[in-house]
Amino acid sequence: DPDTLVGAEGREAFERRLTEQALPLSEYFVRELGERLMTRGADGRARVAEAARPLLLQVPEGIYRRLLVERVGQAFGFQRTAEGLAELLGVRIDAPASLSAGPRSASAGRGSLVRQAVRLLLQFPEIAAGLSDSMLLDLTRVEEPGVDLLGALLLELRTRPAQHAAQVIERWRERPGEKHLARLATMESLVPDQPAALKELTEALGRLCQDTDRKHLDRLLEKDRSEGLTAAEKQELQRLMSSVTRAGRHAV
């Protein structure tokens with residue numbers, strides 16, 4: 001556990017572990033498969049495929065799952081493309097040109113997650129009080145169109161609660177985003193009541209933060225492949241891998 005190690009040996013010693021001793025997850029992955037299984041010949045590769053599949057399914061779709069699939073193919077002599085090996089393993093991987101985790105920022109017929117969140121807040125302004133402070137802090141990391149307006153709306157409603165959309169629109173006169181809010185306020189309600197709205201809003205904000213983590217993870221992985229990472233970036237990479245993997249498990 002990183003916290004235990006930092007407490008026992010100090011931050012500097014922990015960072016030395018990361019830079020000098022830490023084994024990349026891809027290398028640990030193939031080493032463990034190799035040590036646990038007889039991997040020679042076709043029968044060995046079949047056992048590798050069987051053992052690797054449930055582990056790979058725990059890694060969310062994106063560039064890192066693709067890299068792990070490619071590493072398994074290299075390490076155990078699968079004479080297939082990454083796509084062919086993924087099909088054999090029974091897992092999905094992104095196309096090589098895409099570094100992002102895919103278009104997760106919109107739901108059919110509802111528009112972007114930011115748009116959904118704003119509409120929910122206009123239709124049920126009181127749900128802003130039900131969000132945790134940590135979720136609001138996480139939202140500051142998100143880089144999506146319209147997120148500044150969403151953040152301002154959340155701050156406004158938590159500081160000065162409102163009862164209905166008309167109140168919010170009135171307060172927004174002469175402020176950036178006024179016309180956009182007025183237009184969204186006239187749209188049909190997404191959900192039937194306040195509890196359902198709070199649930200939808202929490203899920204939308206959570207997915208926005210997950211998407212941000214995935215994109216940041218992809219950027220760090222690409223940098224690691226091309227030029228290497230600093231000690232701080234390696235720490236951030238480990239944190240993001242853990243966060244994204246946990247989110248993927250919860251989504252299954």
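The mean pLDDT of the chain is 77, and 74% of its residues reach 70 or more; pLDDT is the predictor's confidence in each residue, from 0 to 100. One stretch stands apart. Residues 96-109 have pLDDT below 50, and in the model they make 28 contacts beyond near neighbours in sequence. Contact means heavy atoms within 4.5 Å. Where pLDDT is low, the predicted coordinates should not be read in detail.

This is a predicted model: local features need pLDDT of at least 70, side-chain atom pairs count only at pLDDT 80 or more, and totals for chains, interfaces and linings use all residues. Residues are numbered from 1 along each chain as its sequence is written, and side-chain values use heavy atoms, with hydrogens and water left out.

The chain holds 13 helices and two strands. Both are DSSP runs numbered from the N terminus: helices are H or I with at least four residues, strands E with at least two. Of the 252 residues, 39% are buried. Buried means under 20% relative accessible area, with a 1.4 Å probe and protein chains only.

Now look inside. The largest nonpolar core has 36 residues, and L121, L150, L154 and L205 have the most contacts within it. Such a core is a set of buried Ala, Val, Leu, Ile, Met, Phe, Trp, Tyr and Cys residues joined through side-chain atoms within 4.5 Å. Helices 7, 8, 9, 10, 11 and 12 each give two or more residues to this core. Helix 7 gives the most, with seven. L150 touches V114, A117, V118, L121, L139, L205 and L208, leaving aside residues up to four places away in sequence. A second, separate core of 19 residues includes V30, L89, V91 and I93.

Follow helix 12 next. Its 33 residues should span 48 Å at 1.5 Å a residue, and its end C-alpha atoms are 48 Å apart, which agrees. The expected span is 1.5 Å times one less than the number of residues. D193 caps the N-terminal end: a side-chain oxygen lies 3.0 Å from the backbone nitrogen of A196. Just after the helix, G228 takes a positive phi of about 90°.

Finish at E144, in the loop between helix 8 and helix 9. Is E144 buried or exposed? E144 is buried, with a relative accessible area of 17%. Its side chain joins that of K215 through a polar contact of 2.6 Å. A polar contact is a pair of N or O atoms within 3.5 Å; within protein, one must be able to donate a hydrogen and the other to accept it, and residues adjacent in sequence count only if both atoms are side-chain atoms. Not counting residues up to four places away in sequence, E144 touches V114, L208 and K215.

Methods
Buried < 20%, exposed > 50% of the residue type's maximum accessible area, 1.4 Å probe, protein only.
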